[in-house]
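Please examine the sequence and the three-dimensional structure displayed below. The paragraphs that follow lead through them step by step.

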Amino acid sequence: MTESPAEYERSLPSEIETTDDLDGDRLREYCGVFGVFDFPDAAAITALGLHALQHRGQEAAGIVTFDNGRFHGERRLGLVGDHFSKESTIKRLPGVAAIGHVRYATTGETMLRNVQPLFAELNTGGFAVAHNGNLTNAQTLRRELIQEGAIFQSTSDTEVILHLVARSRKTQLVDRFIEALRSIEGAYSLVALTNKKLIGARDPLGIRPLVIGELDGKYILASETCALDIIGARFVRDVKNGEIVVISENGLESLEPFPPQPMRPCIFEYIYFARPDSVVHGRPVYEVRKAMGRELARERRIFADVVVPVPDSGVPAALGYSQQSGIPFELGIIRNHYVGRTFIQPTQSVREVGVRMKHSANRCVVEGKRVILIDDSIVRGTTSVKIVQMMRDAGATEVHFLISSPPITNPDYYGIDTPQKEKLLAATHSIEEMREYIGCDSLSFLSVDGIYRAMGEERRDPIRPQFTDHCFTGDYPTALTDLAGENRAQLSLLAEAS
């Protein structure tokens, strides 16, 4: 006899986390960066750019500007619109050059001293930096720097970069910056601001994205093209992997100080993180996600009445599946966009219906129907259990759950906040065990080669993979120095009030 989802959940081993925090069962965005040079009202332009990048980090935001020999900074916990839409705040950020950052805490606690951009006064002048990504040797470098007398004020690995720049003996700041980058491992896209230059840099494999735009003859740096669109800027090109761009009153200079390597960008930008209207390395994200749905339909044909996306992440793939299979696409789940993660849930009875505060079944679409549910990924699986049960409660006769990416079996160390391996459902359970846990009639994932076909490749090259895909394959593209050295010592004993 098949157990119900609730019965099966109670029978799971203790390492499967059953949480009522719906957002805790999603992959968390990394961060977003933005920079502008020699443009009037630079802070206002940067705030607009950060608004467009808000999906990449909702916990904190900051802007640093330079004007008449002085740096000005505002760093705040919360959303961009909570602080940087105020005229009084923008007036405190004068200048024609600025960098900005939106953050989700993948490393370091969520507290004001970790909010970026970070700033330091060097012997060559002020230096501010904002970072998207994760360094895989940050704790090792931090320990070495502390032994040499460095004093850290944050628990962010971005501060390691500041210290490396500060201790360099090079005379030119750009050379000091390059020397610092030679010491770090992992994934990064960086924007930095000095009193004369805006600097952008990308890791040698191009894991994290960074693009160049142009507005009224002035250069812009941003994590995604959607940040250029919101300010009316023209896309110029992607920053190349391993490239450093230096923007000054003399224009844009390109430096390539690292040995050339094949680019290997993160495939999760296409699956989940980038905004659907962005273009990443020449590929429109929306179209790629629809292609993933089409590949899923080719790989897994199901006789059903309706294709329903899990909003908002599953919408493009569900459209692609519907178009390829001929099964009608319907909005069988309606998302409430006005419920925050901090909604008070005072009683068990309220917690049990928490999923309906964020998602509601559209009964007229699913009642009496065989439903194909489509989402982009499964992490812990706890939200999937509730979504499937919601479909059954709304009268669905069958619920088939299809995922437009392969099973996530390995954690990320490059800026995605994934759980430990033992808390990833696909790492500890077979597909059939996952199906029983989620409570669906069938469960299928897009194959690894299928996702590569959706990207326009024939298949994954096992010798030289075209993308960073370690969450699916376990093939990490860089050294994991901190993990190998087990440098997991506590970084901070200081607690701050928000």
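At roughly what angle do the axes of helices H10 and H11 cross, and within what distance do they come? The model under discussion is a predicted one, and in it the two axes come within 6 Å and cross at roughly 45°. On the side of H10, the contact involves Tyr 286, Arg 289, Lys 290, Gly 293, Arg 294, Leu 296, Ala 297 and Arg 298. On the side of H11, the residues in this contact include Pro 316, Ala 317, Leu 319, Gly 320 and Tyr 321.

Helix H11 spans residues 315-325, and its buried residues are Pro 316, Ala 317, Ala 318, Leu 319, Gly 320, Tyr 321 and Ser 322. The elements that cover these buried residues include helix H10 (285-299), together with strands S16 (306-309), S19 (370-375) and S20 (398-403). Just after H11, Gly 326 adopts a positive phi of about 85°.

Between S20 and S21 the parallel pairing extends over four bridges, and Phe 401 stands opposite Leu 443 in S21.

A second sheet may now be considered. This open sheet has six strands in the order S5-S6-S7-S8-S12-S13, and its pairing is antiparallel. Strands S5 (118-122) and S13 (251-255) stand at its edges with a single partner strand each, so one side of each is left without a neighbour in the sheet. From one strand to the next, the twist averages 20°. Within this sheet, S6 (residues 125-135) and S7 (residues 186-193) run antiparallel and are joined by eight bridges. Val 129 stands opposite Ala 192 in S7.

Which helices accompany these strands? Helix H6 (residues 158-167) lies across S5, S6 and S7 and runs at about 15° to S5. Helix H7 (residues 173-183) also packs on the sheet, touching S5, S6, S7, S8 (198-202), S12 (244-248) and S13. The direction of H7 makes about 20° with that of S8.

Helix H6 also packs against helix H5 (residues 138-147), at an angle of about 45° and with the two axes 10 Å apart. That angle makes H5 oblique to H6. H5 passes H6 in a left-handed crossing. In this pairing, Ala 138, Leu 141, Arg 142 and Leu 145 of H5 meet Val 160, His 163, Leu 164 and Arg 167 of H6.

Two residues in loops may be set side by side. Is Thr 468 buried or exposed? Thr 468 is found in the loop between helices H18 (448-454) and H19 (470-473). Its relative accessible area is 2%, so Thr 468 is buried, the cut-off for that term being under 20%. A polar atom of its side chain lies 2.6 Å from the backbone oxygen of Arg 264. Beyond its neighbours within four places in sequence, Thr 468 is in contact with Ile 207, Arg 264, Pro 265, Cys 266, Ile 267 and Pro 477.

Ser 85 lies in the loop between helices H3 (80-83) and H4 (87-91). With a relative accessible area of 52%, Ser 85 is exposed, since that term applies over 50%. The side chain of Ser 85 reaches the backbone oxygen of Gly 81 at 2.7 Å. The C-alpha atoms of Ser 85 and Ala 47 are separated by 7.4 Å, although these residues are 38 residues apart along the chain.

Finally, the protein chain may be viewed as a whole. The chain has 20 helices and 21 strands, and buried residues make up 58% of its 498 residues. Among contacts between residues at least 6 apart in sequence, 69% join residues at least 24 apart.

Methods: Residues numbered from 1 in each chain as written. Predicted model: local features only at pLDDT ≥ 70, side-chain atom pairs only at ≥ 80, totals over all residues. Heavy atoms only, no water. Buried < 20%, exposed > 50% of the residue type's maximum accessible area, 1.4 Å probe, protein only. Polar contact = N/O pair within 3.5 Å; in protein donor to acceptor, adjacent residues only side chain to side chain. Contact = heavy atoms within 4.5 Å. Pairing = 2+ DSSP bridges. Axes fitted to C-alpha atoms, helices over the stretch in contact; angles between N-to-C directions. Parallel < 35°, antiparallel > 145°, perpendicular 65-115°, else oblique. Left-handed = near helix turned anticlockwise from the far one by under 90°.
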